[in-house]
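Open the model in your viewer and keep the selection panel at hand. The stops below say what to select and what is there.

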Amino acid sequence: MRFAVLLAGLAVLAAGCGGGEDAEPVATTDVRMAKSYRFEPKAITVASGDTVTWTNDDNFTHTVQVDGQEDHEVDRGDSVSIMFDKPGTYHYVCTLHRRDMDGTVTVT
Ligand SMILES: [Cu+2]
């Protein structure tokens with residue numbers, strides 16, 4: 001019994017370490033900057049004309065910078081909204097934590 005629980009725990013860990021590259025995008029316009037140093041969900045899909053809102057639930061200041069666009073600083077508890085009106089896949093990062101925090105918005 002204890003062995004089965006351990007295996008289940010390992011499976012969850014492995015899924016968590018898989019990175020976002022092959023994660024199925026989630027249809028939502030809300031992204032959380034979750035504890036700690038994460039965009040959640042990391043990959044989303046929205047419709048053209050939708051506004052995506054990033055909300056900082058973490059204990060640190062983060063930013064949202066869509067590639068080629070301006071950087072938006074988001075303090076703890078604050079949020080930033082960006083409208084996407086052209087179909088495509090948009091990569092973005094937190095410029096303070098580029099290594100740990102990035103994601104994509106796919107606009108259909
Ligand atoms: Cu950050």
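Rings of Phe, Tyr and Trp (for Trp, the six-membered ring) pair if their centres lie within 6.5 Å; planes under 30 degrees apart count as stacked, over 60 as edge-to-face and the rest as tilted. This is a predicted model, in which local features need pLDDT of at least 70 and side-chain atom pairs count only at pLDDT 80 or more, while totals for chains, interfaces and linings use all residues. Residues are numbered from 1 along each chain as its sequence is written, and side-chain values use heavy atoms, with hydrogens and water left out.

**Stop 1: the aromatic cluster**

Select Phe39, Trp54, Phe84, Tyr90 and Tyr92: ring pairs link them into a cluster. The count of aromatic pairs comes to 5. One of them is Trp54 with Phe84, a tilted pair with 6.4 Å between centres and 55° between planes. Trp54 is in strand 5 and Phe84 in the loop between strand 8 and strand 9, so 30 residues separate the partners of this pair, which links distant parts of the chain. Strands here are DSSP runs (E, at least two residues), numbered from the N terminus.

Colour by accessibility next. Buried means under 20% relative accessible area, exposed over 50%, and partly exposed in between, with a 1.4 Å probe and protein chains only. Trp54 is buried at 0%, and Phe84 is buried at 3%.

**Stop 2**

Now go through the pairings; two strands pair if DSSP finds at least two bridges between them. Strand 2 and strand 3 run antiparallel and are joined by 3 bridges, with Ala34 opposite Arg38 in strand 3. The hairpin of these two strands has 3 residues between them, and Tyr37 takes a positive phi near 60° there. Strand 2 and strand 5 are parallel, over 4 bridges; select Val31 to find Trp54 of strand 5 opposite. Strand 5 and strand 8 are antiparallel, with 5 bridges, and Val52 faces Ile82 of strand 8 across the pairing.

**Stop 2: strand 10 and its partners**

Move to strand 10 (residues 102-107). Strand 4 runs parallel to strand 10, and 4 bridges join them; Ala43 stands opposite Thr104. Strand 9 is antiparallel to strand 10, with 6 bridges, and Thr89 is opposite Thr106.

**Stop 3: the copper ion**

Which protein atoms are the donors of the copper ion? Select His62 (ND1), Cys94 (SG), His97 (ND1) and Met101 (SD), which lie 1.9 to 2.7 Å from the ion. Donors are N, O and S atoms within 2.8 Å of the metal (3.2 Å for Na, K and Ca); water is not among the atoms, so sites may look incomplete.

The donor residues are spaced H-x31-C-x2-H-x3-M in sequence. His62 belongs to strand 6 and Cys94 to the loop between strand 9 (88-93) and strand 10, so this pair ties together parts 32 residues apart in sequence. Both His62 and Cys94 are buried.

**Stop 4: the salt bridges**

Finish with the charged side chains. A salt bridge is a side-chain nitrogen of Lys or Arg within 4 Å of a carboxyl oxygen of Asp or Glu, and the structure holds 3 of them.

- Select Arg32 and Asp57: their closest N and O atoms are 3.3 Å apart. Arg32 is in strand 2 (30-34) and Asp57 in the loop between strand 5 (51-56) and strand 6 (62-66), so the pair ties together parts 25 residues apart in sequence. Arg32 is partly exposed at 38%, and Asp57 is partly exposed at 35%.
- Select Arg38 and Glu40: N to O is 2.8 Å. Arg38 is partly exposed at 36%, as is Glu40 at 38%.
- Select Asp102 and Lys42: the closest N and O atoms are 2.7 Å apart. Lys42 lies in the loop between strand 3 (38-40) and strand 4 (43-46), and Asp102 in strand 10, so the pair ties together parts 60 residues apart in sequence. Asp102 is buried at 18%, whereas Lys42 is partly exposed at 25%.
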